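Subject: Structure handover

Hi,

Here is the structure I promised to pass on.

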Amino acid sequence: MKIVGTIVEYNPLHTGHIHALQEIKRQSQADLIVAVLSGNFTMRGDLSLFDKFEKTRQALKSNIDIVIELPFLYAVQNSDAFARNAIELLHLANVKEVWFGSEENASELYKSYYEKWITSEAQQQIKYLMQQGKSYKEATFSIIDLPSNDLLGFCYYKAIQEKNYPMTVHTIKRIGSFSSLEAKEFASAKAIRTNLELMKAYCPDYVNRNLIRDANQLFPYLKFTILNTSVLDLKTIFFVEEGIEHRLKGISKINSLDELISFLSTKRYTNSRIQRILVYILFQIKKNEVEELHEPKFLRVLGYSPLGKLYLNEIKKKVTLYTNIKEGLHPVLDIELKITKLLDLIYSSNTLKEEQGKPQEII
């Protein structure tokens, strides 16, 4: 049985993703697809439109066989950390081929860029540019001149090389951008998030718009937390550094999440970096909690097909699998429970029941 893996956010899942999955299946001749899925929050710190359990149901209906969660502490990170953690999960699942969308659709580029990246000259240039106030992404882009998704693809390749894992990367041509002359049968996730009316035309009918969560509902809780946390305590939160804890205290006259992000953003602090800071503050996750963590050594299973279930039964003696979770299993999962409880409070949902229940199963 041939198993391949992919790394997804599905925010939201749309027809371009369905096309990619079909192409992965066709080109790889895979029997089973394992997807590593970021949960309630994306790499950039955005709240996902749908909760992780709804995203899992959508993924299973799209013919993914196993959905593995990339938990918050592993997902809401910079691109290097996100990629390392996602690749580690696929390695634990014994995946040998990693497939993902790409603008350039030329996976051989990653090798040449990696050889350039590991030189001392390249590393010194990145260090210098960051000292001059450039963001890590800008500094990296000076060496790795690739579009955003290919830059993340490079991070996957780099993670594999650094671990010397027996894995290969393969790309599917990304389609669906209104900035080109491509056929309008596809739209990007960003375009859909910008105009949710596009969901009718560009998302499968099982992606239910009525279940969308509004990130603005987080703002009152975030504002309360910031106003009631001292500057010294804010400084202990992961990602809070370089004095931004003082700037955060200017929140009193700000009335929306977008306004706060705009207020805090600078040339050095990109929107994504700010969003990550804010969600770590919201959930009061401290530096020591993250810095004490090691790479993931377990698989949190959110859902599976019958074939996926059979495969998990085959590997369960070789890797730690968590399905329903409870406090005390692992610090990363304790954070997941903490996040779920607050999100349930904010959105009047009951996903804690699903955290503590069995994985989704599609027949």
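Below is what I found in it, grouped by topic.

**Ground rules**

This is a predicted model, so local features need pLDDT of at least 70 and side-chain atom pairs count only at pLDDT 80 or more, while totals for chains, interfaces and linings use all residues. Residues are numbered from 1 along each chain as its sequence is written, and side-chain values use heavy atoms, with hydrogens and water left out.

**Confidence**

The mean pLDDT (the predictor's confidence in each residue, from 0 to 100) is 93 for the protein, and 98% of its residues reach 70 or more. Residues 178-183 are the stretch to watch: pLDDT stays under 50 there, and the model gives them 10 contacts beyond four places in sequence. Contact here means heavy atoms within 4.5 Å.

Helices (H or I, at least four residues) and strands (E, at least two) are DSSP runs, numbered from the N terminus. I use "buried" for under 20% relative accessible area, "exposed" for over 50% and "partly exposed" for in between (1.4 Å probe, protein chains only).

Strand β1 (residues 3-8) is mostly covered, with six of its six residues buried. In a regular strand the side chains alternate between the two faces of the sheet. In β1 both faces are covered: I3, G5 and I7 are buried on one side, and V4, T6 and V8 on the other.

Two strands count as paired if DSSP finds at least two bridges between them. β1 pairs in the parallel sense with β2 (residues 32-38) over six bridges, and G5 sits opposite V34 in β2. To get from β1 to β2 the chain goes through helix α1 (residues 15-28), and this β-α-β crossover is right-handed (with the strands pointing away from the viewer, the path from the first strand over the helix to the second runs clockwise). β1 also pairs with β4 (residues 97-102), again in the parallel sense, over two bridges; there T6 stands opposite W99.

I3 in β1 has a relative accessible area of 14%, so it counts as buried. Leaving out residues up to four places away in sequence, I3 touches L32, V34, V95, K96 and Y311.

**Helix α11**

F219, L222, K223, T225 and I226 are buried in helix α11 (residues 219-227). Seen down the axis of α11, these buried residues fall within an arc of 160°, so they line one face of the helix (the arc is that of the directions from the helix axis to the C-beta atoms). They pack against α12, α13, α14 (257-264) and α15.

**Salt bridges**

A salt bridge here is a side-chain nitrogen of Lys or Arg within 4 Å of a carboxyl oxygen of Asp or Glu. Searching the whole structure turns up 20 of them. K52, E69, R300, E336 and E355 are linked in a network of salt bridges.

- E54 and R57 meet at 3.1 Å. They are three residues apart in helix α2 (residues 52-61), so about one helical turn separates them. E54 is buried at 10%, while R57 is partly exposed at 26%.
- E242 and R273 meet at 3.6 Å. E242 is in the loop between α12 (231-234) and α13 (244-248) and R273 is in helix α15 (residues 271-282), so the pair ties together parts 31 residues apart in sequence. E242 is partly exposed at 49%, whereas R273 is buried at 17%.
- K341 and E327 meet at 2.8 Å. K341 belongs to helix α18 (residues 331-347) and E327 to the loop between β7 (320-322) and α18, so this pair ties together parts 14 residues apart in sequence. K341 is partly exposed at 40%, and E327 is exposed at 56%.

D46 lies in the loop between β2 and α2 and is partly exposed, with a relative accessible area of 22%. Beyond its neighbours within four places in sequence, D46 is in contact with N40, F41 and Q275. D46 and A215 are 169 residues apart in sequence and 7.9 Å apart in space, C-alpha to C-alpha.

Cheers
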